[in-house]
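Hi everyone, thanks for making time today.

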Amino acid sequence: QLPLAGSRLCLYEDGTELTESYFRALPPQTELVLLGPGESWRGCASDIERLLAAFCSQQGAVVEAARRLLTDERAPRRQKLLADLIHNLSENILAEDKEDDKKWFEGLESRFKNKSSYLRHSCESRMRGYMREVSGFISNVHPASRDAYRGILDLMADKLKSVKYNGCYFDRREKEEAARLCTAEGWFSCQGPFDRDDCPCKHSINPYSNRESRILFSTWNLDHIIEKKRAVVPELAEAVKTRDGREVNWEYFYQLLFTLDNLKLVHIACHKKTNHNLSCDKTRIYRKRKQTHEIS
């Protein structure tokens with residue numbers, strides 16, 4: 001039913017267009033695609049495009065078809081692909097409360113009633129851990145400067161409490177505040193390595209989707225670009241020691257330790273654990289005092 005003019009044959013595997021002589025040289029059972037005018041075929045890439053289009057428009061039908069195929073499939077690798085496909089397409093991303101997705105909460109304490117509350121708790125735990133590390137460094141601070149160091153710790157602790165330990169970044173109910181880190185649907189993208197604009201592997205995850213994704217997300221790291229242990233905390237201790245009447249800009253160090261100014265969410269495989277060779281901005285270590293003028 002295709003018009004002869006403009007129609008052509010190509011190989012299914014890669015889209016190579018056939019000439020008459022090439023056609024005659026093909027082995028038996030070679031798979032071909034007949035294209036009409038204006039149609040194109042790029043091999044596997046075209047199949048993937050059609051598959052993705054089906055996911056978007058007929059997700060339920062795709063899941064059901066994959067289940068039927070899985071019942072008769074015997075090849076282990078094809079079984080795994082089908083099982084993973086069914087698992088990923090059956091995600092319950094939009095469910096927030098425990099009663100709507102009980103499997104997601106398996107293994108968690110009963111006090112967590114919705115997904116956002118658990119992910120907020122997870123983020124808060126990381127922030128508290130960073131605070132403990134900063135506090136634990138006090139034994140390395142010069143004895144004469146420890147009281148000043150403790151004073152800065154108190155200011156940082158109060159600041160963290162006032163923003164609920166930055167847990168809002170993982171709360172879908174506060175989407176506008178979280179927009180710098182994730183989309184409204186709850187997808188998180190890997191932002192590492194630290195010296196590149198994008199993750200080359202395009203790692204992404206939605207911890208709201210299912211229990212396995214929630215567990216896997218716990219292995220992702222919040223990576224300090226200017227390193228916490230090697231640079232930020234030692235620089236803070238040195239600033240307190242050598243302040244010589246100057247006021248330490250503790251809010252700058254707070255930003256480096258606890259905020260997205262210096263933190264990136266990265267897949268564990270993209271976490272650069274070697275020395276970043278980055279240091280604090282020397283011009284921001286001390287706060288400029290306001291000028292006061294006497295009126296005569």
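I'll start with the core, then go through a helix, a pair of strands, some loops and the cysteines. Please keep in mind that this is a predicted model.

Let's begin inside. The largest nonpolar core has 51 residues, and those that touch the most other members are Tyr149, Met156, Leu236, Val248, Phe253 and Phe258. Which elements give two or more residues to this core? They are helices H5 (115–136), H6 (146–162), H9 (228–241) and H10 (250–258), together with strand E7 (263–266).

Leaving out residues up to four places away in sequence, Phe253 touches Met156, Val232, Glu235, Leu236, Ala239, Val248, Cys280 and Ile285. There is also a second, separate core of 7 residues, including Val63, Ala66, Ile86 and Leu89.

Helix H9 has 14 residues, and from its first C-alpha to its last it reaches 18 Å, close to the 20 Å expected at 1.5 Å a residue. Its buried residues are Lys228, Ala231, Val232, Val233, Glu235, Leu236, Ala237, Ala239 and Val240. What do the buried residues of H9 pack against? Their partners are H5, H6, H10 and the strands E5, E6 (247–248) and E8 (286–287).

Strand E5 deserves a look of its own. In E5, residues 221–224, Asn221 and Asp223 point one way while Leu222 and His224 point the other way, and all are buried. E5 and E7 run antiparallel and are joined by 4 bridges. If you look for His224, you will find it opposite Leu263 in E7.

Back to helix H5, which holds Arg128. Is Arg128 buried or partly exposed? Its relative accessibility is 38%, so Arg128 counts as partly exposed.

On to the loops. Gln29 sits in the loop between helix H1 (20–24) and strand E2 (32–35). Gln29 has a positive phi of about 70 degrees, although it is not a glycine, and with a relative accessible area of 77% it is exposed. Asp244, in the loop between H9 and E6, also has a positive phi, near 50 degrees, and is a residue other than glycine. Asp244 counts as exposed too, at 72% relative accessibility.

Ile93 lies in the loop between helix H4 (76–89) and H5. Is Ile93 buried or exposed? With a relative accessible area of 19%, Ile93 is buried. The C-alpha atoms of Ile93 and Asn206 are separated by 7.8 Å, although the two residues are 113 residues apart along the chain.

Last, the cysteines. Cys10 is buried at 2% relative accessibility, and Cys280, one of the residues that Phe253 touches, is buried at 5%. How many disulfides are there? The count is 0.

That's my tour, and I'm happy to take questions.

Notes: Residues are numbered from 1 along each chain as its sequence is written. This is a predicted model: local features need pLDDT of at least 70, side-chain atom pairs count only at pLDDT 80 or more; totals for chains, interfaces and linings use all residues. Side-chain values use heavy atoms; hydrogens and water are left out. A nonpolar core is a set of buried Ala, Val, Leu, Ile, Met, Phe, Trp, Tyr and Cys residues joined through side-chain atoms within 4.5 Å. Buried means under 20% relative accessible area, exposed over 50%, partly exposed in between (1.4 Å probe, protein chains only). Contact means heavy atoms within 4.5 Å. Two strands pair if DSSP finds at least two bridges between them. The expected span of a helix is 1.5 Å times one less than its number of residues. A disulfide is a pair of cysteine sulfur atoms within 2.5 Å.
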